[in-house]
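Hi there,

Here is the structure I promised to pass on to you. Have a look at it first, and then read on for what turned up.

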Amino acid sequence: MTQSFTIRSQTAGIWWTVRIHDSLDQMRATATRHRPRDNDLDNTMGLCQPTNYWEDGNGLCPPPHNYGGIIRYAADWLDDEVFLHEIVHAAAASYRHMGRLNVNLGRDCGRNEELFAHIYGELAADLLWKLRGRVKIAA
Ligand SMILES: [Zn+2]
């Protein structure tokens, strides 16, 4: 059963829905139904769908005041790297949502942002892996 909850950034004044789908197939199918241009998801293990890039059939929707969008994960493929990778996209979209378009990774989630998200996800996941068992991480 798909689980949903919300997360928020006080700094950006924005909140996001996090949806954990039962499987990768379900996540990919739901994401494509939600935003048809996300239709090449064979290598996608998680997905960030910001509101400011959603389409309603008449073009791009203006962002609601403080809603960032949906961050999607699959319960059968959720690991630290995927988890952290999608948060990079959400952070960049939150920054843009504030009207700050000077993310030097591009205006949308393009190749530069994708590369940055991969590097961040790998480094942060490796750091978490190395920290586990060495230090007590506060809840
Ligand atoms: Zn990505």
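Predicted model: local features only at pLDDT ≥ 70, side-chain atom pairs only at ≥ 80, totals over all residues.

Where α2 and α3 cross, the crossing is right-handed. To find the two, look for α2 at residues 80-97 and α3 at residues 111-131. They pack with their axes 8 Å apart, at an angle of about 135 degrees. An angle over 145 would count as roughly antiparallel and 65 to 115 as roughly perpendicular, so α2 and α3 are oblique to each other.

Which residues of α2 and α3 make the contact? From α2 come Asp-80, Glu-81, Leu-84, His-85, Val-88, His-89 and Ala-92. On the α3 side the contact residues include Phe-116, Ala-117, Tyr-120, Gly-121 and Leu-128. Sorted by class, the contact of α2 with α3 holds nine nonpolar residues, along with four polar and four charged ones.

Now to the strands. There is an open sheet of four strands with mixed pairing, and its order is β1-β2-β4-β3. The edges are taken by β1 (3-9) and β3 (46-50); each has a single partner strand, so one side of each is left without a neighbour in the sheet. From one strand to the next, the twist averages 20 degrees.

As an example, Arg-8 has Trp-15 in β2 as its bridge partner.

Enjoy exploring!

Best wishes

Notes: Residues numbered from 1 in each chain as written. Axes fitted to C-alpha atoms, helices over the stretch in contact; angles between N-to-C directions. Parallel < 35°, antiparallel > 145°, perpendicular 65-115°, else oblique. Left-handed = near helix turned anticlockwise from the far one by under 90°. Contact = placed C-beta atoms within 7 Å. Nonpolar A, V, L, I, M, F, W, Y, C, P; charged D, E, K, R; others polar. Pairing = 2+ DSSP bridges.
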